[in-house]
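Please look through the sequence and the model below.

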Amino acid sequence: MSPGLVRGGETPTPGTAGGPDPLRAPVRWRLRTREVPLDRPVVMGILNLTPDSFSDGGRFADVDAQITRAHALVEEGADLLDVGGESTRPGATPVPVDEELRRLEPFLARLGEIPVPVSIDTRRAAVAERALDAGVEIVNDVSGLSHDATLAGVVARSGAALVLMHMRGNPIDMTEWARYGDVVAEVRSELAGALDYARSAGVEEARIVLDPGIGFAKSPDQSLALLHRLDGLHLLGRPLLVGPSRKRFLAGPEALPPDQRVEGTLAACVVAWSRGARIFRVHDVRPARKALDVAWRIDHAGASS
Ligand code: HH2
């Protein structure tokens with residue numbers, strides 16, 4: 001058995017998972033103080049306050065540059081921002097919690113200047129607590145509550161929204177865990193376990209969205225297969241977030257570097273939208289906004305003609 005998200009949840013049947021099928025029914029995502037409608041694509045802009053993130057590490061070292069970047073992402077069309085102080089790329093060395101907090105603190109102290117809801121990308125309860133004190137609305141845990149046993153309680157007590165992402169192992173060893181018989185069925189079952197665990201810890205279901213964890217304990221082919229069969233995750237009855245942005249599965253035979261994976265990111269987002277994903281975590285907000293808005297207009301063409 002693999003470590004990580006392996007609580008072995010049951011796969012619910014449609015209509016019994018509590019909540020409408022996000023592929024068919026417009027739903028809303030309940031954050032801490034407001035709700036986000038999910039009938040249109042929701043773009044979550046990435047702001048990594050790290051020296052070593054695989055795509056944007058080290059770009060925004062001082063707090064003025066971070067705040068300027070946050071405003072630029074909002075101006076480009078981000079509905080939400082996801083802020084992180086620890087890289088979780090394959091092979092990344094974990095940072096001590098004090099260092100993660102130190103990286104985030106100047107930005108969190110100025111959180112009130114950010115006009116959209118902010119998510120904290122962390123696996124740690126202490127970091128989530130500080131970010132929640134500062135006013136974040138969402139906790140985005142790439143470990144799906146498997147890293148820190150106290151994080152679920154922190155989320156439940158705060159009334160924050162929660163992104164439960166699928167991974168196995170940890171960033172150092174996760175590539176070894178990329179072994180699946182049926183990647184969609186196994187991701188679904190393991191996410192179902194994480195969802196049960198979050199609910200039993202007191203996190204309200206309406207606040208939870210699920211994420212297949214593109215590139216986390218997934219080979220490039222497994223990431224492609226998950227996007228291809230993304231609708232297989234709707235049985236869980238919760239909205240889906242995807243984070244394909246600039247990831248390795250987009251490198252293709254040309255081995256494109258991260259900054260040349262923007263077009264691939266857009267293709268992945270649009271396909272994911274058409275298979276029912278509703279929230280898109282991206283570095284390149286402006287093109288993602290444009291592409292997803294066109295996808296939405298195509299979906300709704302004919303209604304008024
Ligand atoms: N991907 C990354 C980080 N956080 N969160 C969710 N919910 N889904 C994802 O796919 C996801 C995530 C990795 O990307 P990035 O933040 O750009 O890189 P790094 O981990 O190197 O900071």
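Helix axes here are lines fitted to C-alpha atoms over the stretch in contact, and angles run from 0 to 180 degrees between N-to-C directions. Helices themselves are DSSP runs (H or I, at least four residues), numbered from the N terminus. The model is predicted, with local features requiring pLDDT of at least 70 and side-chain atom pairs pLDDT 80 or more, while totals for chains, interfaces and linings use all residues. Residues are numbered from 1 along each chain as its sequence is written, and side-chain values use heavy atoms, with hydrogens and water left out.

Take helix H2 (residues 97-109) and helix H3 (residues 125-134): their axes are 10 Å apart and the packing angle is about 10 degrees. H2 and H3 are therefore roughly parallel to each other, a label for angles under 35 degrees. Contact means heavy atoms within 4.5 Å. On the H2 side the contact is made by Val97, Glu100, Leu101, Leu104, Glu105, Leu108 and Ala109, which meet Ala126, Val127, Arg130, Ala131 and Ala134 of H3. By class, these residues are nine nonpolar, no polar and three charged. Ala, Val, Leu, Ile, Met, Phe, Trp, Tyr, Cys and Pro count as nonpolar, Asp, Glu, Lys and Arg as charged, and the others, Gly among them, as polar.

Helix H8 takes part in two further pairs. With helix H7 (residues 262-274), the axes come within 10 Å and cross at roughly 30 degrees. H7 and H8 are therefore also roughly parallel. The crossing of H7 and H8 is right-handed, that is, the near helix is turned clockwise from the far one by less than a right angle. Val262, Leu266, Cys269, Val270 and Trp273 in H7 meet H8 residues that include Pro287, Ala291 and Trp296.

Leu73, Glu75 and Glu76 of H1 meet Val285, Arg286 and Arg289 of H8. The residues of this contact are two nonpolar, no polar and four charged.

What surrounds the ligand? There are 18 residues around the ligand, and the closest are Ser53, Ser87, Asn140, Asp211 and Lys247; a residue counts if one of its heavy atoms lies within 4 Å. From Phe54, a backbone N or O atom lies 3.0 Å from an oxygen atom of the ligand.

How values were computed: Helix = DSSP H or I, 4+ residues; strand = E, 2+ residues; numbered from the N terminus. Polar contact = N/O pair within 3.5 Å; in protein donor to acceptor, adjacent residues only side chain to side chain. Parallel < 35°, antiparallel > 145°, perpendicular 65-115°, else oblique.
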